[in-house]
Structures are given as structure tokens and as C-alpha cells.
Amino acid sequence: MTVLVVGATGSIGRLVVAESIARGHITRALVRDASKARRSLPNEAQITVGDVTRPDTLAQAVADVDAVVLTLGSDGSAHSSPESVDYAGIRNVLVALGTEKPRIALMTAIGLTSRSSVYDHLLDWKRRSERLVRASGLPYTIVRPGWFDMNGPDEHGLVFLQGDTRRSGSPADGVIARRQIAQVLVDALTTPEAANRTFELIAESGSAPTDLAPLFGALRQDTPGSLDAVADEANMPLEQEPRHVREDLAAVTASTRTTGT
């Protein structure tokens, strides 16, 4: 497979690139700074320069890809806000895909249905990015990890949850190693049981599983045509969303669901 990693130089993205290469995939990394990327990514990675906030720079990155892993995370700066990166960056990649029909793996966050105003409504923008992926009609897996790298040395037994009921905004919601997040994202690209499923990812006491298919298979698929994940609380009515968000959903649907596909 040819796998595009978006957010490739982030703390999760770097691990996704390495995991994808280890599994034998041709791995393309979308980066803003090629020289910085070469210092942090494996030599086998194909470096493609682009910026998710600039749609005109994405055509080369998305060409002829079989899968896309999206691990975007804003840093709170003027150039990198939750709306411009965590949300609009996903929109721009999906629109740029056009007639390409890759498998999508999107990383968001546990507790994103809480409607919390923390971090400039970061979780709301991540939830909107999930809606864009579902509206695209592309096959997808959406992973909502718990708190990064706060698990103990004996906590590697993966647990997949649904309904997003753990919303305290603290590590009490669940913890997970960054490396295991990357492994789950890459595994989802080639596991049929992972298609069109959304889940929270945490680790509890136990060893890491060697086969994720049973975990994926035990999950409920998202309802076809729904913007939200199965079992999520319906607390973000579409009619109350900003006009440009509703327009973005229509634009993504129009760009990816072309005639004859």
C-alpha cells in the first residue's frame, strides 16, 4: 500500500510513519519543513512538502494513495488553531482527494462529545472533523485515544470502548501509549473488521494483543449516513452548527462522492 501520513512530524505521526514502514507500506509523509522532517523521520519515508492550511499545496501529497492516516494536532498559535488545523486541515485533505478513494484512519480524542469549552473548543472541532470523514463516504476508522503515555509498565492490554462516556477531562478517562496508538491506526488500514467504526482506545493491565481483528470485530459499526458515531450522545445538533461548518460538510460530500464511484 501507499500510505500518506498527515501530521507526520508530530509525536504520534512519527510513530505512525515508522510503523507503516515496518509493515512494508510505501509511506509518504506530508510535512511543512523537509529538512526538519529528514532529521526526525526514517530514511525510507517519502517526504512531500505541503501545508494542510493551504489547500493548493496538497495535490501531490494525496495523488495515488491507498490509505491516509490523519494525526493532526494544533499548537494554539495563530497559524495552528483547533479550527484551522484539527478541523479545516481534515476538510482540506478530504476535498483535495477528489476522486481518490483511500482508506482513512483518523485520530481524535477521548471525551470529545463533552461539549467542553477548554482549549478554544478543541474537542468540538475534533468532533466536527469526525463528521467530515463520515460524510465523505470513504471507508474509515476513527480512533479516540486516552491520555498519552501515562500507562504503567504492565498496562498494555488494549480496550476498545464506544459511546464516549468517559468525559472527566483527566487521565481517569483512560491512558494509552503513543506507540500503541500508532500500531492501532496502521493496523486499521488493512483489517476489514475495522471499517466504519469509531471507538475510544485505552490500555489496562495486561500484555499487548497480537491480533486486533477480534477487538475491531466486537465493535458496532457507525450507522450509515449518520454524522455521529454509534452510541454517542446527540448533543451537537447540525442545525445549530455554524453555517460554514454545514457548507463544509456539503463540499466534502460533493467532492468525494462523485458519479460512478
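**Exercise 1.** Classify Phe199 as buried or exposed in this predicted model.

*Solution.* The relative accessibility of Phe199 is 0%. Buried means under 20%, so Phe199 counts as buried. For Phe216 the value is likewise 0%, and Phe216 therefore counts as buried. Phe160 is buried as well.

**Exercise 2.** State how many aromatic pairs the model holds, and classify the pair of Phe160 and Phe216.

*Solution.* The count comes to 4 aromatic pairs. For Phe160 and Phe216, the ring centres are 5.2 Å apart and the planes meet at 55°. Planes under 30 degrees apart count as stacked and those over 60 as edge-to-face, with the rest tilted; the pair is therefore tilted.

**Exercise 3.** Classify the pair of Phe199 and Phe216, then find which residues the ring pairs link into a cluster.

*Solution.* The centres of the Phe199 and Phe216 rings lie 5.8 Å apart, with the planes at 80°. The angle is over 60 degrees, so this pair is edge-to-face. Phe199 sits in strand S10 (residues 197-204) and Phe216 in helix H7, 17 residues apart. This pair, too, links distant parts of the chain. Ring pairs join Phe160, Phe199 and Phe216 into a cluster.

**Exercise 4.** Determine which residue lies over the face of Trp125, and at what distance from the ring centre.

*Solution.* The residue is Arg128. Its distance from the ring centre of Trp125 is 4.3 Å, and the cut-off is within 6 Å.

Terms used:
Residues are numbered from 1 along each chain as its sequence is written. This is a predicted model: local features need pLDDT of at least 70, side-chain atom pairs count only at pLDDT 80 or more; totals for chains, interfaces and linings use all residues. Side-chain values use heavy atoms; hydrogens and water are left out. Rings of Phe, Tyr and Trp (its six-membered ring) pair if their centres lie within 6.5 Å; planes under 30 degrees apart count as stacked, over 60 as edge-to-face and the rest as tilted. Buried means under 20% relative accessible area, exposed over 50%, partly exposed in between (1.4 Å probe, protein chains only). Helices (H or I, at least four residues) and strands (E, at least two) are DSSP runs, numbered from the N terminus. A charge sits over a ring if NZ of Lys or CZ of Arg is within 6 Å of the ring centre and within 35 degrees of the ring normal.
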